[in-house]
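Student: I have a structure open and some time to go through it. Can we take it piece by piece?
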Amino acid sequence: MTAVADSAGVAGPLPASANTGRLASRVAVHLAMIGCIILQRFCFYVGGSPIYFCLLIFLGLAGWLLATGRADLRPLSVAWFAAFAVTGLVSTLIAIDVPDPRITELSVASFFLLLTLYVGLIVRPRPPFDGSRTWDIFLFYVRLCAVAGIAQYLLQFVGIRLFSFMLLVPALKPLLAEPLFNSMPYVAYGSPVLRSNGFFLVEPSTFSQLLMLGVLVEFFIKRDWRWLPLYGLAYVFTYAGTGVLALGLACGLYLLTLPRDAGRMLTFGAVAAGLGVVALIAFPGQLEALTGRANELNYSGSSGYARYVTQFDMIDAVWGETRTLFGFGPGSLERATFYVPGGGNPSLKLFVEYGVIGLATFWTFFATALWRRDAGIVVCFALVNFQLGGGNLLFPPFVVLVAVLCIWSRPPLHEDGV
């Protein structure tokens, strides 16, 4: 039995209630990780909109934590969440009362879905909840995906393709979000080779982001280098640039936020460069394809151009209008005459739909809900990656993952007072 020191400094057995609380905490984290990683593709549809299994699991767990006294509400997060909710409601009412001719229709349901998705971030676990093993549990699933992704990529060369659950088990199609994503991600047009998506994840891009998040947790939180080659090898087979891009920008943001950790960042950069050289020598074809995607910004028909360049055209279409103070209403971006398919991102969507005030209140809520000094690099990556992903604003697996990592990973006696 685990020992604990009493008031006199004498070690004694850990109370049974503490053991029970620790076990319950670990089960809760496992369930959340299974929901947002292993069951990432699973959902059911209501009115054509996907309701992800992971969101139901997360909200159920948050409710259980509150009901059993293992959590409370974070006052600062509640205040900013309420501020965004009021702003969004005002935007919705204005859009209904004064429609804009450039907006074909609204989706009021998307506003309430947004609130439902993020309300879990105002819940803060507290003793007896024990989040000390959250990082380890997360890394277990990252390593599982890395191994599965490598095997998935290599098995296709012997005729075994394990990329689409719809093709493997057609009966699952009504419960899968695959039709909304690139479920058969070929390396290039006309190529028979598929990019690895980690088997469980929706796309190679999502897999690349998970791997880089795992790298940061291993190096900066756990201070363990042993698994980095595994992540690097798995990343090569994704052919995706999003993870590395988010990693680089997150490291830059982290240095600006916490410059005292520059030494560790330089060490990390040296290790990453070393792994890059090894990968370049061992897998020149894959690395050439990966680096070649950096030129996408120069081609108007590419996904990179749509994601990172066309957003400025959409901002220019409404910039300077009084209406941008509160926005054009929920769901208006994708239904606007100036919308470019594939060109959205969370900040653009918030700006167009809920205005400058909505954008400011949401980002303040989101950043303050996740921020913590001892895991600053993870928070920086979460915020950068959130913005880079076009659909991350309404992608529950990402929101649940960063909420659990940043909010549910504190040791049982930690109190931040927020």
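Student: Which residues form a nonpolar patch on the surface?
Tutor: Phe-44, Val-46, Leu-56 and Leu-175 form it, with about 320 Å² of accessible area together. This is a predicted model, where local features need pLDDT of at least 70, side-chain atom pairs count only at pLDDT 80 or more, and totals for chains, interfaces and linings use all residues. Residues are numbered from 1 along each chain as its sequence is written, and side-chain values use heavy atoms, with hydrogens and water left out.

Student: What makes a patch?
Tutor: Patch residues have over 30% relative accessible area and no salt bridge; like charges are joined within 9 Å, nonpolar side chains (Val, Leu, Ile, Met, Phe, Trp, Tyr) within 5 Å. The areas come from the Shrake-Rupley method with a 1.4 Å probe, and for residues only the protein chains shown count as cover.

Student: Where does Leu-56 lie?
Tutor: Leu-56 lies in helix α2, residues 53-67. Helices (H or I, at least four residues) and strands (E, at least two) are DSSP runs, numbered from the N terminus. Leu-56 is partly exposed, at 44% relative accessible area. Buried means under 20%, exposed over 50%, partly exposed in between (1.4 Å probe, protein chains only).

Student: New topic. How many salt bridges does the structure hold?
Tutor: It holds 14. A salt bridge is a side-chain nitrogen of Lys or Arg within 4 Å of a carboxyl oxygen of Asp or Glu. In one of them, Asp-72 meets Arg-124 at 3.0 Å, N to O.

Student: Why does that pair tie together parts that are 52 residues apart in sequence?
Tutor: Because Asp-72 lies in strand β5 (residues 71-73) and Arg-124 in strand β6 (residues 123-125).

Student: Is Arg-124 buried or exposed?
Tutor: Arg-124 is buried, at 11% relative accessibility. Asp-72 is partly exposed, at 22%.

Student: What about Glu-321 and Arg-102? What do their side chains form?
Tutor: A salt bridge, 2.8 Å from N to O. Glu-321 lies in the loop between α13 (310-318) and α14 (346-370), and Arg-102 in the loop between α3 (75-97) and α4 (108-118), so the pair ties together parts that are 219 residues apart in sequence. Glu-321 is partly exposed at 27%, and Arg-102 is partly exposed at 21%.
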